[in-house]
Amino acid sequence: MARYDLVADLHECVNALEAGLGALRQHIEQQPLLIARVFSLPEIEKGREHDEIERIAVTQHLGKTARDMALTHYCRLFMQHQSEKLSTKAAVRLPGAICIEADGDVHAQITQQVDEINTLKQRLEQLITVESGLPSEARFEFVHQHLRGLITLNAYRSVTLLNAPDSLRFGWANKNIIKNVTRDAVVEQLERSLKANRAQAPWTREQWAEKVQQELEAILALPAGAKLKIKRPVKVQPIARVWRASEKKQVQLACPSPLLVLCRDRTQVPILGELLNYDADNVAWRHKPLAEPLHLIIPRLHLWSDRLA
């Protein structure tokens, strides 16, 4: 795609997304609020994105205050919408749920609005991560050149819509993202980084190139049959457990944003649980399997191998 067309499509997509979120906000504000409970978490300041998280203090908000916080959260796409002191590399999270009365035509209209918003969010992510043709390390500069202040973590995040479950309870999840990768894919990634000829702080361009070259040599030195995998820890995140008695089934969802729950009337209002403070010292592991022995090959990529020689 020509760069001019891409930039035009980006602006068109973001403008449509802002308009869609604004319309959804107005629509929700017009509907009877049945119950709302959201949990604000401590703000993450610039430079503290990678601090180890041991404890998280939760503040609960109820009713109209909670609803208004949720709607503001949905519409927060740009840095200008938040304090300059806050990190733009860490997405703002606001777990919880707002439940509104929406029957018949209103239910259908809001469902369609949310579908359209989520389609625009997927389109925006596609434009930036795929159609731009840019490697991940070059996307930040490109996005902020053409959409100054866009917080992509917030812009990509879908609005989760639920038809009244019986209960919603909240908790915390710790996990690793594990992805098997091939030697060729890693080599290609490192070679692209070398060709980009860019530096990453605190290294100079020459130092960074030397570092990447050493990483490339480390990969090429591994045995042919070595298995490679990305094993990247994900910071503790809030989750929601959705229970439907008719199905006798519980579904666990990531809950970085308030869930939007549509109820026919007050008889369908779900039980909303609380989100307790997080304390790493008191995490109860249901099952923690023994991990196979792995060797860390490239720390910055969280790349591990089952063999060294």
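Before I sort any lining by class, I need my terms: Ala, Val, Leu, Ile, Met, Phe, Trp, Tyr, Cys and Pro count as nonpolar, Asp, Glu, Lys and Arg as charged, and the others, Gly among them, as polar. I also remind myself that this is a predicted model.

**Entry 1**

How many cavities of 30 Å³ or more does a search of the whole structure find? I got two. I wrote down its lining: Leu21, His73, Tyr74, Arg76, Lys121, Asn154, Arg157, Ser158, Val159 and Ser257. Sorted by class, that lining has three nonpolar, four polar and three charged residues.

**Entry 1: the other cavity**

The second largest cavity comes to about 40 Å³. I found Ser193, Leu194, Asn197, Arg198, Arg205, Trp208, Ala209 and Val212 around it. Two elements, helix H6 (183–196) and helix H7 (205–220), each give two or more residues to this lining. Which element gives the largest share? It is H7, with four residues. By class I counted four nonpolar, two polar and two charged residues in the lining of the second largest cavity.

**Entry 2: the chain as a whole**

I stepped back for the overall numbers. The protein chain has seven helices and 13 strands. Of its 309 residues, 38% count as buried. I also looked at contacts between residues at least 6 apart in sequence, and 82% of them join residues at least 24 apart.

A reminder to myself: in soluble globular proteins, nonpolar side chains tend to be buried together. Here the largest nonpolar core has 39 residues, and Ile98, Ile110, Leu124, Leu150 and Leu260 touch the most other members. Several elements give two or more residues to this core, among them helix H1 (3–30), helix H3 (104–131), strand E4 (96–101) and strand E9 (259–263). H1 brings the largest share of this core, nine residues.

Leaving out residues up to four places away in sequence, Leu150 touches Leu77, Phe78, Leu124, Ile128, Val143, His144 and Ala155. Apart from this core lies another one of 22 residues, including Phe39, Cys99, Leu162 and Tyr278.

**Entry 3: Leu190 and Glu215**

Leu190 sits in helix H6, and Glu215 in helix H7. Is Leu190 buried or exposed? Leu190 is buried, because its relative accessible area is 1% and the cut-off for buried is under 20%. Glu215 has 8% relative accessibility, so I put Glu215 down as buried too.

With neighbours within four places in sequence left aside, Leu190 is in contact with Val212, Glu215, Leu216, Ile219, Ile298, Arg300 and Leu301.

**Entry 4: the E7 and E8 hairpin**

Strand E7 (residues 228–244) and strand E8 (residues 249–254) run antiparallel, with six bridges joining them. One pairing I jotted down is Val242 with Val251 in E8. Four residues lie between the strands.

Lys248 is in the loop between E7 and E8. Lys248 is exposed, given its relative accessible area of 70%.

Arg244 belongs to strand E7. At 22% relative accessibility, Arg244 counts as partly exposed. Beyond its neighbours within four places in sequence, Arg244 is in contact with Leu162, Asn163, Ala164, Pro165, Asp166 and Lys249. Arg244 and Ala164 are 80 residues apart in sequence, yet 8.8 Å apart in space, C-alpha to C-alpha.

**Entry 5: another positive phi**

His302 went on my list as well, with a positive phi near 55° in a residue other than glycine. Where does His302 lie? I found His302 in the loop between strand E12 (295–298) and strand E13 (303–305). His302 is partly exposed, since its relative accessible area is 28%.

Conventions. Residues numbered from 1 in each chain as written. Heavy atoms only, no water. 1 Å grid on protein atoms, 1.4 Å probe; cavity = no way out; pocket = protein on both sides within 12 Å on 5 of 7 lines; lining within 4 Å. Points joined across faces, edges and corners; volume = space filled by probe spheres on them. Pairing = 2+ DSSP bridges. Core = buried A, V, L, I, M, F, W, Y, C linked by side-chain atoms within 4.5 Å. Buried < 20%, exposed > 50% of the residue type's maximum accessible area, 1.4 Å probe, protein only. Contact = heavy atoms within 4.5 Å.
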